[in-house]
Amino acid sequence: MLTPEELERYARHIVLREVGGPGQAALGRARVLVIGAGGLGAPALLYLAAAGVGTLGVIDDDAVSLSNLQRQVIHGTPDIGRLKVDSAAEAIGRINPHVHVAAHDARLTAANALAVLSDYDIVADGSDNFATRYLVSDACYFAKKPLVTAAVGTFDGTLTTIRAHERAPDGRLNPTYRCLFPEPPPPGTVPACSEAGILGALTGVLGSMMALEVIREIVGFGEGLVGRLLMVDARAMRFETLNYGWDPANPLSGEQPTIRDLSVHT
């Protein structure tokens, strides 16, 4: 049951037919892990906290620096030098004291991934490198956890949802991240944002949409992004959606899988 204070706090959700009291209660029961408290994770955490997600986990081993503040809106100037997970937890508490925050001051690795994921219902990946994205997607497959994953470039971004441990309504296997991106780009071909630059507001757009997709997954309204890649072009202000499906040759859940655990990431 929602308290009178919670009824007022979430009133704009509760009057939505697609959310209502049951949807808000589902958000309150949900346990969401956000990978990274950076450009994508920052707005995602803010909106998930405001939405009333019961438990928010955040994993990040970095500290706040001055150059982060152009896009990592959960942190402020006084937070420079602090652990990002501590700064994020404090900001979440200011937004919504009903949210429990689990701060993981660590880097997600093959050794700890399954243990960390085991405490959560759904994962939102806002990491900034391909190695972590492949690790997270493989770990979610083995842990049987839905994954909402976003990425940004200089003027572009993508968003999709992975439920590769499940089947589609027609009985076909859902695609994996490796069905969409079979191989990471060769090292050095995609410059880091410190080299190429990035629009702060673009990470805000994709991070907020990541939160929206997590909320949609929890509450269950509308059409999700399983098997669909949302692509954002900030130069042309254009949104497009690419459909993709299960690849029988993918090494994770294909007809002859070669990845049977996370040792490939060690």
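Predicted model: local features only at pLDDT ≥ 70, side-chain atom pairs only at ≥ 80, totals over all residues.

Analyst: A helix is here a DSSP run of type H or I with at least four residues, and helices are numbered from the N terminus. In that sense Glu213 belongs to helix H10, which covers residues 200-219.

Is Glu213 buried or exposed? A residue counts as buried when its relative accessible area is under 20%. Glu213 has a relative accessibility of 6%, and therefore it counts as buried. Once residues up to four places away in sequence are set aside, Glu213 touches Val148, Thr161, Gly224 and Leu225.

Helix H10 also takes part in covering another helix. The buried residues of H3 are covered by elements that include helix H2 (11-14), H4 and H10. Helix H3 spans residues 20-29, and its buried residues are Gly20, Gly23, Gln24, Ala26 and Leu27. These residues lie on the same side of H3, because the arc that they cover around the axis is only 155°. Pro22 and Arg29, by contrast, are exposed on the other side of H3. An α-helix has 3.6 residues a turn, so residues three or four places apart point the same way.

Which elements do the buried residues of H5 pack against? They pack against helix H4 (41-51), strand S2 (55-59) and strand S3 (100-104). Helix H5 itself runs over residues 84-95 and has 12 residues. From its first C-alpha to its last, H5 reaches 17 Å, which is close to the 16 Å expected at 1.5 Å a residue. The buried residues of H5 are Lys84, Val85, Ser87, Ala88, Ala91 and Ile92. Seen down the axis of H5, they fall within an arc of 160°, so they line one face of the helix.

Asn96 is placed in the loop between H5 and S3. With a relative accessible area of 0%, Asn96 is buried. Neighbours within four places in sequence being left aside, Asn96 is in contact with Arg9, Tyr10, Ala49, Ala50 and Gly52.

Rolling a probe the size of a water molecule over the atoms shows where empty space is left. How many cavities of 30 Å³ or more are counted? The count comes to one cavity. The largest cavity has a volume of about 30 Å³. Its lining consists of Ser137, Asp138, Tyr141, Ile162, Ala164, Thr176, Tyr177, Arg178 and Leu252. Helix H7 (130-143) and helix H8 (177-180) each supply at least two residues of this lining. H7 gives the most, with three residues.

A pocket, unlike a cavity, is an open set of points. The second largest pocket has a volume of about 250 Å³. It is lined by 14 residues, and the closest to its centre are Ala168, Arg172, Leu173, Asn174 and Pro175. Seven residues of this pocket's lining are nonpolar, two are polar and five are charged.

Lys144 is placed in the loop between H7 and strand S5 (147-152). It has a relative accessibility of 57% and therefore counts as exposed. Phi of Lys144 is near 60°, a positive value in a residue other than glycine. Met237 likewise has a positive phi, of about 50°, although it is not a glycine. Met237 is found in the loop between strand S7 (228-233) and S8, and it is exposed, with a relative accessible area of 63%. Thr258 lies in the segment after strand S8 (238-243), and at 63% relative accessibility Thr258 counts as exposed. Leu7 and Thr258 are 251 residues apart along the chain, and 50 Å separates their C-alpha atoms.

Key. Residues numbered from 1 in each chain as written. Heavy atoms only, no water. Expected span 1.5 Å × (residues − 1). Buried < 20%, exposed > 50% of the residue type's maximum accessible area, 1.4 Å probe, protein only. Arc of directions from axis to C-beta. Contact = heavy atoms within 4.5 Å. 1 Å grid on protein atoms, 1.4 Å probe; cavity = no way out; pocket = protein on both sides within 12 Å on 5 of 7 lines; lining within 4 Å. Points joined across faces, edges and corners; volume = space filled by probe spheres on them. Nonpolar A, V, L, I, M, F, W, Y, C, P; charged D, E, K, R; others polar.
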